[in-house]
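The sequence and structure come up next, and the notes follow.

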Amino acid sequence: MLRKMLLCTLCFLLFFTCASAEDSAIPVSDVDLLHQEQLYSQLEPLLTLTVAASLQSPEEAFTFAEGDRMTEDFAASLAGYATRFPMLSIPTEDIQPWLSDNFALSVPDTILPESPTTDMYTGLMLIECSPSPDGTQLAVTAEIYQAPRPYHELTDEDWYSFSWLDSMAVITLTKSEHAALGWSITSLAYIPSYFASDTDLLVEEDDEAFSILYLEPIGCSLAVPVEFTQEALQTADETMSESLTDDSAFLTVQTSHFSADTALQTFIAGQTDVTLLSYENPDVRCARFAQDTKEGLWFCVTDRHQTITVTLLWDPLKHEYLGFLDRMLNSILMDADSQG
């Protein structure tokens with residue numbers, strides 16, 4: 001029974017993802033999809049090791065961007081998990097060179113391996129594997145699960161201990177001739193999952209991280225990262241916008257009478273690097289994008305009166321806003337519901 005429920009959930013997710021890709025008018029050939037699946041299969045041991053070690057942090061999951069310093073706890077967890085991934089040929093002694101080759105982080109001088117705190121296996125289920133046009137960069141999004149053993153090895157009894165974590169891992173990599181699998185990991189972040197609900201969020205909702213903007217011309221409110229303020233919000237016609245004083249992040253809110261699909265197509269037409277995000281609500285469209293050196297989130301919400309479009313763009317070296325999407329969306333959806 002549990003297996004049937006899981007398979008139904010996965011089928012729904014795959015259908016939704018495929019449908020979103022079809023709507024986006026960005027063709028992906030069968031050859032491209034096969035290449036992406038093969039690439040992910042090759043890298044899965046390294047990705048799984050990274051996420052499992054990240055979640056061993058005693059306080060919160062360890063996340064990082066290229067050039068950050070690897071914490072001693074994360075390095076110790078990576079070394080402790082080495083025996084679970086023999087295919088990576090991780091040295092049990094003098095592990096620093098291996099870590100430097102496989103992670104775009106500065107590595108601690110001393111690493112004392114720390115054994116995993118649980119016997120449960122932490123695994124990944126691929127959502128998206130997106131190479132850059134030149135094939136030198138890669139972005140992977142995957143659901144996270146915990147079980148007695150890897151997914152393809154689970155017995156009927158094991159399914160009773162299977163659980164999804166309520167976060168997806170977002171991992172970027174770059175090609176490297178020194179890395180064990182030909183790719184070095186450059187960043188790791190977590191974003192809330194859209195369908196898992198049986199465990200606590202890894203990215204916990206922190207009210208102090210948000211402020212509320214009252215969008216009077218639209219007649220609703222919007223939860224935004226706390227750095228944005230009501231006083232700095234500028235209004236012109238059907239557009240409200242705000243830029244942080246150091247230009248490290250930008251927020252734009254617009255209204256129109258477009259359908260959700262038309263709004264999405266209009267947005268995609270002006271971008272070169274867009275990843276569609278699935279969301280169960282049929283009145284919502286979401287996307288993650290990159291623009292020059294900045295990262296961004298875009299979404300629109302449609303009701304019977306109007307379509308509200310929100311764009312958040314930020315410098316990833318100064319902010320990490322990926323996990324804010326759900327709270328921002330929910331704040332608008334709740335207002336739309338309350339207004340009937």
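## A helix under cover

Which residues of H3 are buried? They are Phe-74, Ala-75, Ala-76, Ser-77, Leu-78, Ala-79 and Gly-80. That leaves H3 mostly covered, with seven of its nine residues buried. Here, buried means under 20% relative accessible area, exposed means over 50%, and partly exposed is in between (1.4 Å probe, protein chains only).

A word on what you're looking at: this is a predicted model, where local features need pLDDT of at least 70 and side-chain atom pairs count only at pLDDT 80 or more, while totals for chains, interfaces and linings use all residues. Residues are numbered from 1 along each chain as its sequence is written, and side-chain values use heavy atoms, with hydrogens and water left out.

## The overall picture

The protein has six helices and 13 strands. These are DSSP runs, numbered from the N terminus: helices are H or I with at least four residues, strands are E with at least two. Of its 340 residues, 48% count as buried.

The protein exposes about 17600 Å², and carbon and sulfur atoms supply 51% of that. Accessible areas come from the Shrake-Rupley method with a 1.4 Å probe, and for residues only the protein chains shown count as cover. As for contacts (heavy atoms within 4.5 Å), take those with a separation of 6 or more: residues 24 or more positions apart account for 58% of them.

## Salt bridges

Side chains of opposite charge can pair when their charged atoms come close. The rule used here asks for a side-chain nitrogen of Lys or Arg within 4 Å of a carboxyl oxygen of Asp or Glu, and the count comes to three salt bridges. One of them joins Arg-149 and Asp-158, at 2.5 Å from N to O. Arg-149 is partly exposed at 32% relative accessibility, whereas Asp-158 is buried at 7%.

Another pairs Asp-246 with Lys-318, with the closest N and O atoms 3.8 Å apart. This pair links distant parts of the chain, 72 residues apart: Asp-246 is in the loop between strands E8 (239-243) and E9 (249-256), and Lys-318 is in the loop between strand E13 (307-314) and helix H6 (325-338). Asp-246 is partly exposed, at 42% relative accessibility. Then there's Arg-285 with Asp-261, where the closest N and O atoms are 2.9 Å apart. Arg-285 lies in strand E11 (residues 284-291) and Asp-261 in helix H5 (residues 260-269), so this bridge ties together parts 24 residues apart in sequence. Asp-261 is partly exposed, with a relative accessible area of 34%.

## A negative patch

On the surface, Glu-59, Glu-60, Glu-72, Asp-73, Asp-109 and Glu-114 gather in a patch of negative charge. Patch members have over 30% relative accessible area and no salt bridge; like charges are joined within 9 Å, and nonpolar side chains (Val, Leu, Ile, Met, Phe, Trp, Tyr) within 5 Å. Asp and Glu count as negative and Lys and Arg as positive, with His and the chain ends not counted. The place of a charge is NZ of Lys, CZ of Arg, CG of Asp or CD of Glu.

Glu-59 sits in the loop between helix H2 (30-54) and helix H3 (72-80). Glu-59 is exposed, with a relative accessible area of 78%.

Asp-94 isn't a glycine, yet its phi is positive, at about 50 degrees. Its place is the loop between H3 and helix H4 (96-102), and Asp-94 is exposed at 57% relative accessible area.

Asp-292 also has a positive phi without being a glycine, at about 55 degrees. You'll find Asp-292 in the loop between E11 and strand E12 (294-302), exposed at 80% relative accessibility.
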